[in-house]
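Hi,

Here is the structure I promised to pass on. Have a look at it first, and then read my notes below.

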Amino acid sequence: MSAVVAVAGLTLAACGGGGESGSKNLVARAKDDKKITIGIKFDQPGLGLQTQSGKPEGFDVDVAKYIAKELGVEESGITWKEAQSAERENLIEKGDVDFIVATYSITDKRKEKVAFAGPYFVAGQGLLVRADNTDITGNTALNGKKLCSVKGSTPAQKIKDEFSKEAQLQEYGKYSDCITALENGSIDAVTTDDVILAGFAAKSPGKFKLVGEAFSKENYGVGLKKDDAESRTAIANAITKMQTDGAWKKSLETNVGPSGYKIPEPSPLTEK
Amino acid sequence: MFDFLGDYDILGAFWTTVQLAALSAVGSLVWGTILAGMRVSPVPIMRGFGTAYVNVVRNIPLTVIIFFCSIGLASTLAVNLAPQDSPTFIIDNSFRLAVLGFVAYTSTFVCESLRSGINTVPVGQAEAARALGLSFTQVLRIIVLPQAFRSVIAPLASVLIALIKNTTVASIIGVAEASLLMAEMIENESDAIILVFSVFALGFVLLTLPVGLLLGWVAKKVAVKR
């Protein structure tokens, strides 16, 4: 179903139709309708994961719920929608979702199409290895090692550009495929944003560990319609509130904490 | 508008697609012909194997086959098709596993096309050849298959075109063909997604259209007039 929606989305976007659901902005709509549609990832444990019961869980989901609440929408009024990486800008522009909280890095290119509030979290590219591995200690010890990442993703490209001579890169369609290959030993390490890796490690405790210093910075923002400055400020305020009242830290501790991931201090918001 | 296209090795990616398709096509033709031979052979166990293989493999989604080649064969069962200490092990291994998967899958369609071609050869010819004392393989090789091939060029062209497009599935195990580059470009050029799609669609049309036209012409040229 979501694939059909996505294809339809792309086709519609091609026709240049930015279907606006009324002229009201997000804040006003949330206040009046008590309903909101939020885009999250459905396949990332610890961040955005669709569980068997149909209820999503994870840190991104907690942030989304907190923002919705600040905008006056209860959990029952939230419609969750899968936002796959390649589709995110289109979902926002078309108005299929009100905002997106899905490990969405703030970049200049994306800012041309959508607006961001945040960062609500700063991640860095990291390495996940089997718990008994001792020879990979960081990104300088990758000579002749086999790494895995998701096809086309920014972390995979970074490895190709910076380490491809010393390290070999296997690309799969999903992170969970990399985790399978890591588990049965054909891959030495999985690389992507450290908090995503922490989510996978937290899901199967004792099997994997995170190593090394982060070798890049990814600023996760909440993506929303471009030109909706009022809502952006409202979301930014909600994020700041979540970070100061302890809910932010608590959510991270439950969702990615079990992996041994060191929860950082919240960094100041640049997009507000 | 088009300037970012120069940042990517689009030709290189399509070259990998061509190599993937060409090697898989040759492999499928060989294995598909052997399978067709089995399906019409007088030995029951060979007929049984041919029928079972074709009916099982062609009904498995290609994505599953290719993914199994990488995660199942290579990663779990350690069946690798490249030397493991080579510095390009992953690239070579993934490419060869993908070819293996495409051959396993496409050969079933080659086999069935060819079998329909064998049915166009009048039974009397095979009977006459047997009466001359030719063995089963000789009948197949000298009398039946040459005529069968000439009548199935057009359906084989469709199989080949399908194969060329199917090579995009190899991106799920990281073979650096066209659709893997497309995934990378979609990630980076989010403001020009439609343009990116168009470029790759055009690339595939440029690959497949001449194949269809050429083989259509050949089919007309060599068809056995009956």
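A term to start with: a polar contact is a pair of N or O atoms within 3.5 Å; within protein, one must be able to donate a hydrogen and the other to accept it, and residues adjacent in sequence count only if both atoms are side-chain atoms. Helices (H or I, at least four residues) and strands (E, at least two) are DSSP runs, numbered from the N terminus.

Some housekeeping: this is a predicted model, where local features need pLDDT of at least 70, side-chain atom pairs count only at pLDDT 80 or more, and totals for chains, interfaces and linings use all residues. Residues are numbered from 1 along each chain as its sequence is written, chains are lettered from A and ligands numbered from 1 in the order in which they are written, and side-chain values use heavy atoms, with hydrogens and water left out.

**A helix in chain A**

At the start of H2(A), a side-chain oxygen of A:Asn25 comes to within 3.3 Å of the backbone nitrogen of A:Val27. This helix covers residues 26-33, and in it A:Leu26, A:Val27, A:Arg29 and A:Ala30 are buried (buried is under 20% relative accessible area, exposed over 50%, partly exposed in between, with a 1.4 Å probe and protein chains only). They cover an arc of only 165 degrees around the axis, which puts them on the same side of H2(A); the arc is that of the directions from the helix axis to the C-beta atoms. On the other side of H2(A), A:Lys31 and A:Asp32 are exposed. The cover over the buried residues includes strand E1 (36-40) and helix H9 (229-244) of chain A. Just after H2(A), A:Lys34 has a positive phi of about 60 degrees.

**Salt bridges**

Over all chains the count is 18 salt bridges (a side-chain nitrogen of Lys or Arg within 4 Å of a carboxyl oxygen of Asp or Glu). One of them joins A:Lys145 and A:Asp135, at 3.0 Å from N to O. Both residues lie in the loop between strand E8 (125-130) and strand E9 (146-150) of chain A, so the pair ties together parts that are 10 residues apart in sequence. A:Lys145 is buried at 17% relative accessible area, while A:Asp135 is partly exposed at 45%.

In chain B, B:Arg39 pairs with B:Glu112, their closest N and O atoms being 2.8 Å apart. B:Arg39 sits in helix H1 (residues 10-39) and B:Glu112 in helix H4 of chain B, so this bridge ties together parts that are 73 residues apart in sequence. B:Arg39 is buried at 15%, and B:Glu112 is buried at 18%. Back in chain A, a network of salt bridges links A:Asp108, A:Lys111, A:Arg232 and A:Glu271.

**Where the chains meet**

The contact (heavy atoms within 4.5 Å) takes 28 residues from chain B and 28 residues from chain A. About 2,300 Å² is buried between them, with carbon and sulfur atoms giving 51%; buried area is the accessible area (1.4 Å probe) that two parts lose on being put together, summed over both. B:Ile90, B:Glu187 and B:Ser190 supply 25% of the area that chain B buries against chain A, more than any other three residues. Between the two chains there are 2 salt bridges, one of which joins A:Arg110 to B:Glu187 at 4.0 Å between the closest N and O atoms.

Cheers
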